[in-house]
Amino acid sequence: VGFETNVGAWTLLVNTNVNCRGFGERTEIPQSEFVDEIRLSGGDTYAFFVILSTPDLRYTNGNELGAVYAETPYLQIKEGTGVAVEFQTYFDPRVWNGVVTYQLENMEGAIDDGCDTELTTTYTDNLGSFGNM
């Protein structure tokens, strides 16, 4: 929030093409496509900007920009911004619809239990846009 029109505030993590698996199906960005591993520490806030060349990224209308929409004891997904024109036209609040897969590390750096953990936002509206922040 606050960097919707500032292209210089964003760091490229992935630049790839993926084949859509169809409406309502998970389309994964392969881990091998990420430039770097994403590591978050407790209390950190990160924003991710996903953009498509067509207005097919599904989202849900939110209620309050910055409000927590989904959470686990370790991770929160907050209501953000929808993008109609890259770094120009945006609308909020919007909720990105998808799944974040993550692993926990303990203080010694070992993976908590070796299992992936997921946090999902639910799809409730038939809305699409070019991007979501």
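The following conversation concerns the predicted model of one protein chain.

Visitor: To start, what does the secondary structure of the protein chain come to?
Guide: In this predicted model, the protein chain has zero helices and 10 strands. Read from the N terminus, its elements run β-β-β-β-β-β-β-β-β-β.

Visitor: And how much of the chain is made up of buried residues?
Guide: The protein chain has 133 residues, and buried residues make up 23% of them.

Visitor: What about the accessible surface?
Guide: The accessible surface of the protein chain is about 9,500 Å². Carbon and sulfur atoms account for 48% of that surface.

Visitor: Let us turn to contacts. Among those between residues at least 6 apart in sequence, what share joins residues at least 24 apart?
Guide: For the protein chain, that share is 59%.

Visitor: Now the aromatic residues. How many aromatic pairs does a search of the whole structure find?
Guide: The search of the whole structure finds two aromatic pairs. One of them joins Trp-10 and Phe-49, with 5.5 Å centre to centre and 50° between the planes, and this pair is tilted.

Visitor: Where in the chain do Trp-10 and Phe-49 lie?
Guide: Trp-10 and Phe-49 both lie in the segment before β1, which spans residues 50-51. They are 39 residues apart, and their pair links distant parts of the chain.

Visitor: Is Trp-10 buried or partly exposed?
Guide: Trp-10 counts as partly exposed, because its relative accessibility is 22% and the buried class requires a value under 20%.

Visitor: Which pair does Phe-49 form with Phe-87?
Guide: Phe-49 and Phe-87 form an edge-to-face pair, at 4.9 Å centre to centre and with 80° between the planes. This pair also links distant parts of the chain: Phe-49 is in the segment before β1, and Phe-87 is in the loop between β5 and β6 (89-96), 38 residues apart.

Visitor: Why does Phe-87 count as buried?
Guide: Phe-87 counts as buried because its relative accessibility is 14%, and the cut-off is under 20%.

Visitor: Which residues do the ring pairs link into a cluster?
Guide: The ring pairs link Trp-10, Phe-49 and Phe-87 into a cluster.

Visitor: A change of topic: where is Thr-81?
Guide: Thr-81 is located in strand β5, which covers residues 80-85.

Visitor: What is its relative accessible area?
Guide: The relative accessible area of Thr-81 is 1%, so this residue is buried.

Visitor: Which side chain does the Thr-81 side chain join in a polar contact?
Guide: The side chain of Thr-81 is joined to that of Glu-4 by a polar contact of 2.9 Å.

Definitions and conventions: Residues numbered from 1 in each chain as written. Predicted model: local features only at pLDDT ≥ 70, side-chain atom pairs only at ≥ 80, totals over all residues. Heavy atoms only, no water. Helix = DSSP H or I, 4+ residues; strand = E, 2+ residues; numbered from the N terminus. Buried < 20%, exposed > 50% of the residue type's maximum accessible area, 1.4 Å probe, protein only. Polar contact = N/O pair within 3.5 Å; in protein donor to acceptor, adjacent residues only side chain to side chain. Phe/Tyr/Trp six-rings, centres within 6.5 Å; stacked < 30°, edge-to-face > 60°. Contact = heavy atoms within 4.5 Å. Areas by Shrake-Rupley, 256 points an atom, 1.4 Å probe, with all protein chains shown as cover.
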